Amino acid sequence: MKKIIYAGIALAASMMFAESCSQSLLEIPKKGVISIENFYQTEEDAESAITTVYAAAIKYINIGPGFGANWCIAPSYFILKNAPADDIYWGSGNKGDHVFGIEINEYRPSFGDNSDVVANNYRGAYQCIYACNLLTDHYQFGQSANIDRYIAEAMTIRAWVYMHLATYWGNPPYVDHVLAGTDRPGNTPHAEVMKHVMEDLETAAKYLPSRNGKGDKDGAVRLTKDAALAFLGKAQVLTGDYAAAKTTLKQVITSGNYDLVPGDQMMYLFHKRGDGSCEKVFEFNYTDNTDAIKGFGGHMHVQNNQANFWRDLMNLPDLTIQLMGWGGGGNPSKKFVDALVANEGDSYRRKAWIISYEELLCLKYSSLGDTDETTDEFKLM
């Protein structure tokens, strides 16, 4: 009995001692982090912030179902942009694989509130907008030329994302600042969202440099005045202001910074060999690096060339976006193929988008030591 009493007294004493300690001893500064109060101060901080914006935009177009809402070989952005078409079939290994894409393709009622494709695209959009708002909240035009550019880039990306949201959801909540925890924004009328989109793009175009000629690859992977105007022209088309769109887009066309690629280069437009080409107004920059990108051998799927054969079963030509992965997410219907072949025949356009089995065999496979001396006749034997 005495042992129990003594133990109780010892416990009570230790509790009294703990309560008497100074609270400041528990306030240990975090290591390796910078508080928001001490960030967004310098031009270097602004550069870091715009890098985060680009990263958030890349995540937005790669976020997908089934992979922790992080990235996916069939991103929600790609599915919503392509799967609803009535001239393709969404497929994969079997009917039960990639159901999330098939639901969108077939307009199944089941893809409503439970669709990961819809939910993840919406979530990724606002995560990207949040990154943009962090920058535009803390910096103002006029602080420096570089900061002006960073703000304009963030405004352009935010407008680009909102244009998608307005297209998909009609009246999405428009938020151009970081929300407080108690804020509960409601839906914003479609016309008002598009008005903000066009105003932001008009402003951003004033502070962004133009691409430095048709061969400027850096000008294709970083937002420019031309890209902002191209987005603005698209927004004007979507709102029915065709006269304004004609004027806006003409500035891009007559800038001298862009041109159509020669016909024999059409097949490279959406592959590595076409990166930064004279047709590219803007594209995200990627490094195919297994040390930098985790999962699927370091290959990100932003380009989404969902080929109609299983790419991991063979070594492909260097023109492909990746060396492994799989396809089936966008098989053209026979009606579409027949119409394309009937109208295009053996044109560069037809061969860039659809090739026959024999044409696939005759591609140059440099990874296999293939050379020009390896004849088509030999491959078709």
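Visitor: Is Arg158 buried or exposed?
Guide: Buried means under 20% relative accessible area, exposed means over 50%, and partly exposed lies in between (1.4 Å probe, protein chains only). Arg158 has 4% relative accessibility, so Arg158 counts as buried. This is a predicted model, where local features need pLDDT of at least 70, side-chain atom pairs count only at pLDDT 80 or more, and totals for chains, interfaces and linings use all residues. Residues are numbered from 1 along each chain as its sequence is written, and side-chain values use heavy atoms, with hydrogens and water left out.

Visitor: Which side chain meets Arg158 in a salt bridge?
Guide: A salt bridge is a side-chain nitrogen of Lys or Arg within 4 Å of a carboxyl oxygen of Asp or Glu. Here the partner of Arg158 is Asp200, at 3.0 Å from N to O. The pair links distant parts of the chain, 42 residues apart: Arg158 sits in helix α6 (residues 145–169) and Asp200 in helix α7 (residues 190–207). Helices (H or I, at least four residues) are DSSP runs, numbered from the N terminus. Asp200 is buried too, at 11% relative accessible area.

Visitor: What separates Lys195 and Glu199 in helix α7?
Guide: About one helical turn, because they are four residues apart. Their side chains form a salt bridge of 2.6 Å, N to O. Lys195 is partly exposed at 46%. Glu199 is partly exposed at 35%.

Visitor: How many salt bridges does the structure hold?
Guide: It holds 10. One of them joins Arg349 and Glu344, with the closest N and O atoms 3.1 Å apart. Salt bridges that share partners also join Arg149, Glu153 and Arg222 into one network.

Technical notes. Helix = DSSP H or I, 4+ residues; strand = E, 2+ residues; numbered from the N terminus.
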